[in-house]
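These notebook entries record what I looked up in one structure. I begin with the overall fold and then turn to individual elements.

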Amino acid sequence: MAALAPAGPGDAASAALDELSLNFTYGAPGVGNGSLSGAWYRRNQIHLFGVLLAILGNLVISISLNIQKYSHLQLAQQEHPRPYFKSVLWWSGVLLMAVGETGNFAAYGFAPITLIAPLGCVSVTGSAIISVTFLKDNLRASDLLGMTLAFAGTYLLVNFAPNITQAISARTVQYYFVGWQFLIYVILEILIFCILLYFYKRKGMKHMVILLTLVALLASLTVISVKAVSGMITFSMTDKMQLTYPIFYIMFIIMIASCVFQVKFLNQATKLYNTTRVVPVNHIFFTISAIIAGIIFYQEFLGAAFLTVFIYLFGCFLSFLGVFLVTRNREKEHLQQSYIDFGNIPGKQMLDKIQPDSNSLSYGTLPDGSDSTNSQSGEKKEV
């Protein structure tokens, strides 16, 4: 009998090309038959359910954010505005946000982290669409380009994310938790976190990159613990009870603690910097940290072909660029009022709109202010 020759680099490249052709072929006979075929759907059915939960959850979150924004706009137009937390509309937005976050939480139990985490771009693009449709915000060319890039990146992410199906049981989480890869990763993460926290607290360095890097380091622990908790709950519902193991409660505590401190640093960043700068940078940092956490802890790219990984990363890049274009300079559009209007001051009657010519000698003075200047000069003479 002839011995089988070992597979060479050419065989690996041809296998990657075959996988690429299967993902992009529609209507062709055979097993692949495109990324919307029955065979592809059966191989990825569980993952697609997680993707659907994540997309719906992010869309609900974008709706909730716009509802809260609309409630703030309504309260600001009232003569005697009441606190926002007494508004029923605002609380409905909070309830929808809780529903959306629950969908995101459940999605991690059905699909890999590297597939669910980058889908956060759906929330940003969905919020922009809702703002244009219902809140009458301006639709810019960069918005259309950004949405197109984000949707194209999402398509590549769904098609070329790691195709692994893991049953997340308590024993599986324990095995990954004490693995040398994760222990080295945690040690490095703690070291970087302490250094950045030292510069933030002791040196008073509150740069946006420092704050959002702290958020991203905490977010990596968040996604690891969220997938562990969600996966063990899913395993308990479909197979065997996992909630009696101590590792479940350890992961639950890590999830809550990392979320709390993550929100704290993120709020600090939004107070110091413009939201249009914080949102895209935070999305990029969070996605990168989540992908690294999924690769190291759950080994989600183990055995993946180079071409598949490259196209996956290219899809991430397209989604990052789309989010940047959608959020770029959006809040500055509301600051284009070319005059000062005193009509909204309570108890004051609007007499004129002040915008003198910057080249004139009266620049910076009130119209018809000769009386006030004469009175001031008279007072100086008396003194």
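How many helices and how many strands does the secondary structure of the protein chain come to? I found 14 helices and zero strands, where helices (H or I, at least four residues) and strands (E, at least two) are DSSP runs numbered from the N terminus.

Entry 1, basis. I note that this is a predicted model, in which local features need pLDDT of at least 70, side-chain atom pairs count only at pLDDT 80 or more, and totals for chains, interfaces and linings use all residues. Residues are numbered from 1 along each chain as its sequence is written, and side-chain values use heavy atoms, with hydrogens and water left out.

I looked up burial: of the 383 residues of the protein chain, 38% count as buried (under 20% relative accessible area, with exposed over 50% and partly exposed in between; 1.4 Å probe, protein chains only). I then looked up contacts (heavy atoms within 4.5 Å). Among those in the protein chain with a separation of 6 or more, 77% join residues 24 or more positions apart.

I examined helix α3 (residues 45–77) against helix α6 (residues 121–134): their axes come within 8 Å and cross at roughly 45 degrees. Axes are lines fitted to C-alpha atoms, for helices over the stretch in contact, and angles run from 0 to 180 degrees between N-to-C directions. The two helices are therefore oblique to each other (angles under 35 degrees count as roughly parallel, over 145 as roughly antiparallel, 65 to 115 as roughly perpendicular and the rest as oblique). On the α3 side I listed residues including Ile55, Leu59, Ser62 and Lys69, which meet α6 residues including Val122, Gly126 and Ile130.

I located Leu266 in helix α11 (residues 246–272). Is Leu266 buried or partly exposed? Leu266 is partly exposed, with a relative accessible area of 24%. Not counting residues up to four places away in sequence, Leu266 touches Leu212, Val215, Val278 and Asn282. I also noted that the C-alpha atoms of Leu266 and Ala216, 50 residues apart along the chain, are separated by 9.7 Å.

Helix α12 (residues 275–297) has 23 residues and reaches 32 Å from its first C-alpha to its last, close to the 33 Å expected (1.5 Å times one less than its number of residues). Val278 and Asn282 are among the buried residues of α12. After α12 comes Gln299, with a positive phi near 50 degrees.
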